[in-house]
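Please work through the following exercises with the sequence and the model at hand. Each task is followed by a solution in steps.

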Amino acid sequence: MSNSTSAAAAIQAAAGFGRDTYGTLALPVVAHRALYPLGLVLLLLSSCGAPAPEGYAPPLQRRPPPGPEPRPVGSFVAMSDADADAHIIRDVSPGSDGSPWRWTFQRPELRFWVETATRQKLVADFVIAAATFRETGPVTISFFVNGRLLARQHCPKPGKYHLEKEVPAAWLRTDTFTIVAAEADKLWVSPADGARLGFILSRIGFVS
Amino acid sequence: MPAPVSILLAAGFTVGACVAAGKLLLAGLGLRLARAEQRGLAFVVGAACWSALVFVLAAARLVYRNVFLAAGVLVILAALKWGRSKPLPPPAPEAPRLPLLWKALFAVVFGAFTILYFFNALAPEVSPDGSTYHLGLVARYLRDHGFARITTSLYANLSQGLEMLFLFAFAFGKHSAAALVHFAFLVTLPVAMLAYARRIGFPRAGVVGALLVYASPLVGADGISAYNDVAVACVLFAIFWLLEIWDRERQTALLVPVGLLAGFGYAIKYTAFLGLAYALGVVGWRLWRARRPLARPLAVVTACALLMIVPWVAKNWIWLGNPASPFFNSLFPNPHVRISFEQEYAEHMRHYLGLSSYGALPLEATVRGEVLHGFLGPVFLLAPLGLLALRYPEGRRWLLAAVVFALAYPANVGARFLIPSLPFVSLAMGLALLPRWHWVAPAIMAAHAVLSWPAFAGLYCGQYAWRLRDIPVEAALRKIPEERFLSDRQPRYTLARAIERRVPPDGKVFMYGQTPNAYTSRELLVAYESAFGNLLSDILLAAVTLDEQPLWELEFRFPAQPVRRLRVVQTAGAGPGEWSVREMRVFRGQEELPRVPRWRLRAHPNPWDVQLAFDHTLVTRWRSWQPLLAGMYVEVDFGAAETVDAVRLECSPDQGDIRLRLEAATVTGQWRTLAQAYTTSERQRPDRLRRAAIEELKARGVDYLLLYDSDALAEQFRSRRRSWGLTLLEQVRGARLYRLD
């Protein structure tokens, strides 16, 4: 007998094939006999799960992190900063990785946290793009601190601008965010998709 | 060697090993089969055997290319030797031939879709699940040279019979080779259907049925990916086919492959356990009707099935304490998958997001395809026509099989879960149409083929429906770099690569949404995938919610007395919501008892997390992780009598409708109620909870965080990065990767 034939015979013999008898149990008997082991298995199953120890000892006791709560944002931000997004509330374009400038839209708003209200100056560096200037002509940008108009910067030609203006102490708070907004009197409107662009922002915030 | 060639060789080697194993088994059993049956069945039956062998190698941690190579070569040589020396017994008479026109119809449609599918399968793998967990786990097994105990992904707990074949192919040809293995099942299914239909004398119904299935957009998209639904359908059809042959010829040895395939079905996907139920039902019913003894045949089917099932059951039971993980966690409580998660997950699977009502199912599953993640094709709106096949005995058997294999569908209404029934519905549609309207059938087939072709399917299906979009020949032949194709087609691929660049090899990244972990070797911990992920998510959420909500202090006061054990028991009856305790403190006078090592802490349910209520931080908590039940408790055993007069629980307000009672046991162990009433007050949260949460993650070995902009907490991390203590490492395609400082 060859190996394959004997293997076949072995499989058939193990399965009870190769003869015409199937066994002698009828269905009801099978069901009856199967009931007890089945019940036992179910009982075992229902009592099983992952084991847990008798009890756990108290764990290592945690200590609160040292130091005061860090401010969520700083008092000044450059658009290339890793956390620039944290300062932006609205109407500033999302930055690509490490980009030093971003477009502003209708009314850009940013938030800052100042540690002291006295002798703070609002500083902003921005650019009027030649491409938008061709359409808008000279523009005036108004800067607001907590909703109050602080300064108007007239921009008669394209190029870089620097704003620096002292902020009255009464306008600032040290226990919550200070909101800075800007508004250009004229926006460039894209003929392609209707996008409305203001100016290009590089840095903004408070310095004392 | 050019990449496409090595991929094809790897897939071919895997399929060859399966065919060889199948041929050896079928020959060993001495079965008499028609040539077409031999071919189709040898692959499917052999796949079952080969999957089991790879399981054994993975369990023995012998997953090495050389071991696979030796095993594959050996089995192929054995099959070649056996084939030459001992030819099979003469096959059964061949079935009637198909008319030429029908042959041409089959060849054209089958050929066109095979080209479409082949190039898509050969192209880099971009499918959502394939590039995440199906191949992510396979890649990990290859790196680890076998199974490792994975408790942080529920997907690792599912049976992975097909992934064993993917693993074999992946070892030689990576992702696309695995997808091509599934493609082999996709091609086998219609061929098997046609061979079966020819054997029973309905070749034209076979052509209709085979092409309806094969050209279905969802079957194609699934079958060319590293998924498993088409393989399940193929295995279930093979079970049906073998049982039909057994019923006609009563070759009792056929019950061995029937049992193996029934077990293999379960090994591929839990829901395919219905194959075993069907096989036992058919064998039992036929023998009972024939007044033949049935115990031994049923035992053979069961035993062979168990050979394939038990390894997966045992793996889960030993490693996770739940043989059916991630399901049945109420029956098998364990610390790896939460009962409440399972309930929410099951609910989600029954009602997909966006599904307005069950009445919308037919249109979603056949035409739109957005909500149910794929569509079968509009022609299947005519599926009720298949009921006309009830007038034939064959039609009745097909429809019975379709119903049985669809029984699990209500548990997951995704369109993919209809695929196992599809071959039988399709055959029934073919049979119903042919006798009276034989001219309609080719028209319907042609319409189905046209409507399923990518260029036309896009005209009617939902914009985001899962489907094939083109024939990516250049990508398949690697004329377009893999990197570029993957970046274009799998938006999250670039994230996986960013993780690979930025995170060290032993780094762990926590995230809320899946990321293609088949393309990174770093460990990705997804919030919903495990109890551990749930815990990490709960810790981070605590820092946010406690900032916005008050902290509750529930205080029991009672006359000072010595007690050995204290237990706070939840007494409200079953109800929605959970019970949780952030800290449990015990007092004597104004002094809190220091927690000392001799104390023993216990809780029910979820005993594994009780330490979280005694770790002196509010960002962690013990949670019941299941709906309220009377009798839940948190207990402290002092190890000796302690005089105490107050117990305080610090809790979040997000509790179910709880009622609590304080019980105490003396040194004699006798329990009594100490206090039924407690005061509730609110207090301010302490500072720096965000940082405390991050430190908890770090204490658990997690040093990186990936957040998609669409994640609920994304803005929290973006705007409060300093409070958390995070460094932004990379911002890619709507997601941010942070390092925990």
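Domain bounds, as used below, come from an automatic or database domain assignment. The model is predicted; the predictor gives the complex an ipTM of 0.82 and a pTM of 0.86. Chain B has an average pLDDT of 93, and 98% of its residues score at least 70.

**Exercise 1. Determine how domain 1 and domain 3 of chain B are placed relative to each other.**

Step 1. The assignment divides chain B into domain 1 (3-457), domain 2 (496-536 + 689-740) and domain 3 (551-683).

Step 2. Taken over C-alpha atoms, the centres of domain 1 of chain B and domain 3 of chain B are 52 Å apart.

Step 3. Contacts are then counted, with C-beta atoms within 7 Å as the criterion. By this count, 5 residues of domain 1 of chain B are in contact with 5 residues of domain 3 of chain B.

Step 4. On the domain 1 side of this contact, 3 residues are nonpolar, 1 is polar and 1 is charged.

**Exercise 2. Identify which residues touch the most other members of the largest nonpolar core.**

Step 1. This core holds 231 residues, and those touching the most other members are B:Leu167, B:Val235 and B:Ile239.

Step 2. Helix 6 (residues 161-199) of chain B supplies the largest share, 26 residues.

Step 3. At least three residues come from each of domain 1 and domain 2 of chain B.

Step 4. With neighbours within four places in sequence left aside, the contacts of B:Leu167 are B:Val54, B:Ala58, B:Val63, B:Val138, B:Tyr141 and B:Leu142.

Step 5. A second, separate core has 27 residues, including A:Val73, A:Met79, A:Phe199 and A:Leu201.

**Exercise 3. Describe the pairing of strand 5 and strand 6 of chain A.**

Step 1. Strand 5 (residues 139-145) and strand 6 (residues 148-155) of chain A run antiparallel and are joined by 7 bridges.

Step 2. Opposite A:Ile141 stands A:Gln153 of strand 6 of chain A.

Step 3. The hairpin has 2 residues between the strands, and A:Asn146 takes a positive phi near 50°.

Terms used
Residues are numbered from 1 along each chain as its sequence is written. Chains are lettered from A and ligands numbered from 1 in the order in which they are written. This is a predicted model: local features need pLDDT of at least 70, side-chain atom pairs count only at pLDDT 80 or more; totals for chains, interfaces and linings use all residues. pLDDT is the predictor's confidence in each residue, from 0 to 100. Two strands pair if DSSP finds at least two bridges between them. Helices (H or I, at least four residues) and strands (E, at least two) are DSSP runs, numbered from the N terminus. Two residues are in contact if their C-beta atoms, placed from the backbone, lie within 7 Å. Ala, Val, Leu, Ile, Met, Phe, Trp, Tyr, Cys and Pro count as nonpolar, Asp, Glu, Lys and Arg as charged, and the others, Gly among them, as polar. A nonpolar core is a set of buried Ala, Val, Leu, Ile, Met, Phe, Trp, Tyr and Cys residues joined through C-beta atoms within 7 Å. A residue is buried if 20 or more other C-beta atoms lie within 10 Å of its own, exposed if 12 or fewer, and partly exposed in between; C-beta atoms are placed from the backbone.
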